[in-house]
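The structure is placed below for reference.

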Amino acid sequence: MAFPKDSVPRPQGPALSPLASLIFASRWLQLPLYLGLIVAQGVYVWHFLVELWHLVEAAFGHQPALQALVTSIGYKPGVEIVALNETVIMLVVLALIDVVMISNLLIMVIVGGYETFVSRLNLHTHPDQPEWLGHVNASVLKVKLGLSIIGISSIHLLKTFINAANYDTKVLMWQTIIHVAFLASAIAIAYTDRLLHVSHEKH
């Protein structure tokens, strides 16, 4: 009888000792953490919808919605903007993109982390299985998370530079330094992963 590639029955090994079974079962303690991240994902969706609604209201001249946007994007207190302008729209859209990227990061951690560290999701026959999930492991997940964090940091830095007049020079400097540190960390992680991969192939 032929089995699909991902469903070939595995040989049964010796039964685990009670201690080994307990240690192995402890991975399920991570389940509440992933469920908590799903709740956080819901909060981000709500925040996205509220900001989007404020943007639509401000486009039609609703002043309280405009002031809510101005406050949320980091303008100094007392700055009066009477109409929606290109800079405000750009900053709000970047903030929405920021939420989407963080949401993508959450999905990557929830799905990839659960698949890697807790239990198989058995999505190989599902038509909507993410492409990256087919070859995910702890090392790949670490690199993808690093790249996602760099993307989020880039959006934050762009928002700060566009609205630089409302930030201190120290804030601009430290955000740039932190972004460069993220870049260096991601490059180091990717390089280390490549060295380990090459070493594994040689053996």
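I counted two rings of Phe, Tyr or Trp as a pair if their centres lie within 6.5 Å, using the six-membered ring for Trp. The model is a predicted one. I found that the structure holds two aromatic pairs.

**Entry: W28 and Y114.** I looked up the ring centres of W28 and Y114 and found them 6.3 Å apart. The planes stand at 70°, and an angle over 60 degrees counts as edge-to-face, so I recorded the pair as edge-to-face. I then located the two residues: W28 is in the loop between α1 (18–25) and α2 (31–59), while Y114 belongs to helix α4 (residues 86–117).

**Entry: accessibility.** I noted a relative accessible area of 36% for W28, which is partly exposed. For Y114 the value is 17%, and this residue is buried.

**Entry: Y34 and Y114.** I next examined the rings of Y34 and Y114, whose centres are 6.2 Å apart. Their planes are at 80°, so this pair is edge-to-face. Y34 lies in helix α2 and Y114 in helix α4, so the pair ties together parts 80 residues apart in sequence. I checked burial as well: both Y34 and Y114 are buried.

**Entry: the cluster.** I recorded that ring pairs join W28, Y34 and Y114 into a cluster.

**Entry: a charge over a ring.** Finally, I looked up R27 and found its charged end over the ring of F24, at 3.9 Å from the ring centre.

Note on methods
Residues are numbered from 1 along each chain as its sequence is written. This is a predicted model: local features need pLDDT of at least 70, side-chain atom pairs count only at pLDDT 80 or more; totals for chains, interfaces and linings use all residues. Side-chain values use heavy atoms; hydrogens and water are left out. Rings of Phe, Tyr and Trp (its six-membered ring) pair if their centres lie within 6.5 Å; planes under 30 degrees apart count as stacked, over 60 as edge-to-face and the rest as tilted. Helices (H or I, at least four residues) and strands (E, at least two) are DSSP runs, numbered from the N terminus. Buried means under 20% relative accessible area, exposed over 50%, partly exposed in between (1.4 Å probe, protein chains only). A charge sits over a ring if NZ of Lys or CZ of Arg is within 6 Å of the ring centre and within 35 degrees of the ring normal.
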